[in-house]
Amino acid sequence: MDDPAQDANRLAEFTVRLARARGLGARHRGGYHRGAGCAAIGVFMRGLQADFGWTRAEISLGPTILIVTLAAIAPLLGWLADRAAPRLIVGTALAALAAGLFLFSRLDGDLRIYYAGFALLAIAASGSATIVYAKLLNATFHRNRGAALGLAMVGNGATGILLPLLLVPYAAVAGWRAGFIALAAVVALALPLVVLLIGGRRDAPVTAVLAAPPGDALRSRAFRIMAICFALIPLAVAGLHLHFLAYLADMGIGPSRAGAIAGVGGAALMAARILTGFLIDHIFAPHVAAAMMMFSAAAIAGMVLLGPAAAVLGAVALGVSLGAELDLIGYMTARYFGLDRFGRIYGILYGVVLAKQRGIAGALWPDRRREWILSCGSLRGCGAARAERLFVPYPATLRLGSRDVNIALVLDAATRLHPDRTAISWIDRPVWTYAELWERAVTLAAGFAAMGLRPGDRVVMAMSNAPAYCEVLLGAWIAGLVPAPQNCRLHAAEIGFAAQDCGARLCIATADLAAPLAAAIDGLCPLIDIDSADFAALHGHGVAKVAPRAPTDAALLFYTSGTTGKPKAAIHTHRTLNAMLVSFLADSGAVVDDHILHIAPMSHASGFLGLSYLARGRNNIVLPTGAFEPELIARAAAAFGPLSFFAVPTIVRRLTQPGILDEATIAGIHRIFFGGAPMYVEDLKRAIARFGSGRLWHLYGQGETPNTITHLPPHLLGSPDDPDYADRLASVGVARSGVSVRILRDDGAEARSGEVGEVVVQGDTLMAELLGSP
């Protein structure tokens, strides 16, 4: 047996050396093995999205492949660790890791190569995983084996903190390719130092509790208990770990505080590794394990029961449970089975932990209010989460007997189902995914509340087409406010009249309208330019929950000129907007399989249609307002086609002119919705000749029931051979789904065919009333 003083000196020396080696080699954070390339993906994700158009889900699958591959080969790696010198294994692995990271910088956009690269990286660089270091530590120490295991793991924890701090600013300047090259260079330069620090192989005496051949050891009761226990730890905490920040957001905790709380979890993880290591040197290891896990369970329960004030308990629980896990595996494997079979047994246990973590976390459905329940092992929670996936249709808000029918829940449902899909684009460039749009909307809603705005307050939107239009509209709805969008082509005095008429508490404007509008509203309410620091500051007040709204609560004021000379505001409720959305989805076959291009002002018909596309998780592509530029349509179609868009008849007529759109652009157009003014029969015939009847869809509906009185869909246009073909083209079609349309004479009787009468509309798509009407 080693001398205690000598063993203590070796501990001080060796743990420092091995901590450095582990930090320079690979990372193991939160129980997952994450090589440098895997850890860097979060930093490089936006660059990969921008260059290759990959979604977050597609990019995130790469690290998943790495983890699954490592879990599969972990027993083989353990077998190798029992037979080869650690210096040889680690040196070869780090050389392969450096080469692999460099090759990642040469990616060309082929997802298959990207995925294959992660699988090969897991195989080639697996020698830098925990298995080899744990074997080396157990072969070096006897009395202070637990402390050595705990202290050595601090090196990779520190690397996990420092790597993003150094890599993020560098990648922001030099790009993701240069970032991968920099990582490869760091690993290559560190390789000789790591090999030197590891030193030669040492063999401290280890007395195994179970002196049995390897095959018998795997069949022993002790191994079965250890395998079950180490599988249950990730079952209990992997889901909460993966979605902890999302859960904090659901608790109403802002990004800054959430980041600080997560930092506490990282500190707890490192502290737990050190503490666990020292404790298991002096106390029966299973008792230490039980105490650590009981503490974590109590902390998670405290967070759930006490709410946001105790959120830090959840972070501490995660840190303790995940930090203690690896120390316990390494120590107990050597304690019970010795070193001769250490690698093989540790590899199996390590693979079980990795597979269980990835399987449980990957199975979670992103309903953030249920993830923490599932993470605690509730199969009923899992069933409920999956049931929501299958049975919640778009929109998720049409529970019209409920208090909670806020139209903003349409975005909430789409974000849950398609968080990584592109939600908003500018011409040919993706701007925000659904998850990003939701985050901006809920933080903006919190900013509105911080200004003192309350549900029911009116917000004038004087905005040209911009990605921020959707953000402002949805943020206002989340806060329970009533937006009043204004046509950007109106004179500032007309927008000022609307602000005064509705009693606006706030006006949000694009830069081109802010200056003239400031004089028009004359201090009536605050005016914020979306490009200003004041607007950016609105995102700094945490996150807001969706305000509950009743079906009859006002949701939007739609100003229409009418016949009185003064604009009138039609009050649309949450029931109205939901009904309009469902009517469109029903009439379009309940499937929207293209994307919508906003070439018309988003304050009118185009914006209303955009809601249906948001509900289906499709892309809203925004073009600048005020200029008709076919070249921009071509760029958008090439980037995101097939596309649909709304246009007034004059624009449709211009698009039929020779040379305006080339054949490739026309091929990228799925549907042209038109309305807002009469479409003359001859113009419609020219449009059919140019685009085909299958692409043209006539929508009719005034501001009191936008787009939803009647429609003339492609299949009703008919054929030139039909005797009533011209009459069909001259009509506005048939009643929309969920809408009753009648033509009444002056005496109130139904008009006969050919008689002139008044159009009478009934249905949930109809406005509640005109603002200020008696």
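**Chat: buried spots, cavities and salt bridges**

Reader: Quick one to start: does N707 count as buried or exposed?

Author: N707 counts as buried, because its relative accessibility is 9% and the cut-off for buried is under 20%. Keep in mind that this is a predicted model.

Reader: OK. And where is the place of N707?

Author: In a loop, the one between β15 (696-700) and β16 (710-712).

Reader: What about phi for N707?

Author: N707 has a positive phi of about 65°, although it is not a glycine. For background, most residues other than glycine have a negative phi.

Reader: Is D522 buried or exposed?

Author: Exposed: D522 has a relative accessible area of 65%, and anything over 50% goes in that class. N707, by contrast, counts as buried at 9%.

Reader: Switching to holes inside the protein. How many cavities of 30 Å³ or more are there?

Author: The count comes to three. The largest cavity has a volume of about 170 Å³.

Reader: Which residues are the closest to the centre of the largest cavity?

Author: Y469, L473, G607, F608 and L611, out of 18 residues that line it. Two helices, α20 (467-478) and α25 (605-615), each supply at least two residues of that lining.

Reader: How does the lining of the largest cavity divide into nonpolar, polar and charged?

Author: Twelve residues are nonpolar and six are polar, with no charged ones.

Reader: And what volume does the second largest cavity have?

Author: About 110 Å³. Its lining is made of L577, M580, L581, F584, F608, L609, L611, S612, P706, N707, T708 and R736. The elements giving two or more residues to this lining are α24 (574-587) and α25.

Reader: On to charges. How many salt bridges does the count come to?

Author: 16. One of them joins the side chains of R440 and E471, at 3.2 Å from N to O.

Reader: Why does the pair of R440 and E471 tie together parts that are apart in sequence?

Author: Because R440 lies in helix α19 (residues 434-450) while E471 lies in helix α20, so the pair ties together parts that are 31 residues apart in sequence.

Reader: Which of the classes does R440 fall in, buried, exposed or partly exposed? Which for E471?

Author: R440 is partly exposed, with a relative accessible area of 28%. E471 counts as buried, at 1% relative accessibility.

Reader: What about E631 and R635, how many residues apart are they?

Author: Four, both in helix α26 (residues 630-640), so they are separated by about one helical turn.

Reader: Which residues are linked with E631 and R635 in a network of salt bridges?

Author: D428: together with E631 and R635 it makes up a network.

Reader: And what does R728 form a salt bridge with?

Author: With D724, where the closest N and O atoms are 3.4 Å apart. R728 counts as partly exposed at 29% relative accessibility. D724 is partly exposed as well, with a relative accessible area of 31%.

Reader: Last topic, the surface. Which residues make the nonpolar patch?

Author: V264, L305, L306, V312 and L313 make it, and the patch is about 440 Å². Helices α13 (285-306) and α14 (311-337) each supply at least two of the patch residues.

Reader: Where is V312 found?

Author: In helix α14. V312 is partly exposed, with a relative accessible area of 33%.

Key. Residues numbered from 1 in each chain as written. Predicted model: local features only at pLDDT ≥ 70, side-chain atom pairs only at ≥ 80, totals over all residues. Heavy atoms only, no water. Patch = residues over 30% accessible without salt bridge, like charges linked within 9 Å, V, L, I, M, F, W, Y side chains within 5 Å. Areas by Shrake-Rupley, 256 points an atom, 1.4 Å probe, with all protein chains shown as cover. Salt bridge = Lys/Arg side-chain N within 4 Å of Asp/Glu carboxyl O. Buried < 20%, exposed > 50% of the residue type's maximum accessible area, 1.4 Å probe, protein only. 1 Å grid on protein atoms, 1.4 Å probe; cavity = no way out; pocket = protein on both sides within 12 Å on 5 of 7 lines; lining within 4 Å. Points joined across faces, edges and corners; volume = space filled by probe spheres on them. Nonpolar A, V, L, I, M, F, W, Y, C, P; charged D, E, K, R; others polar.
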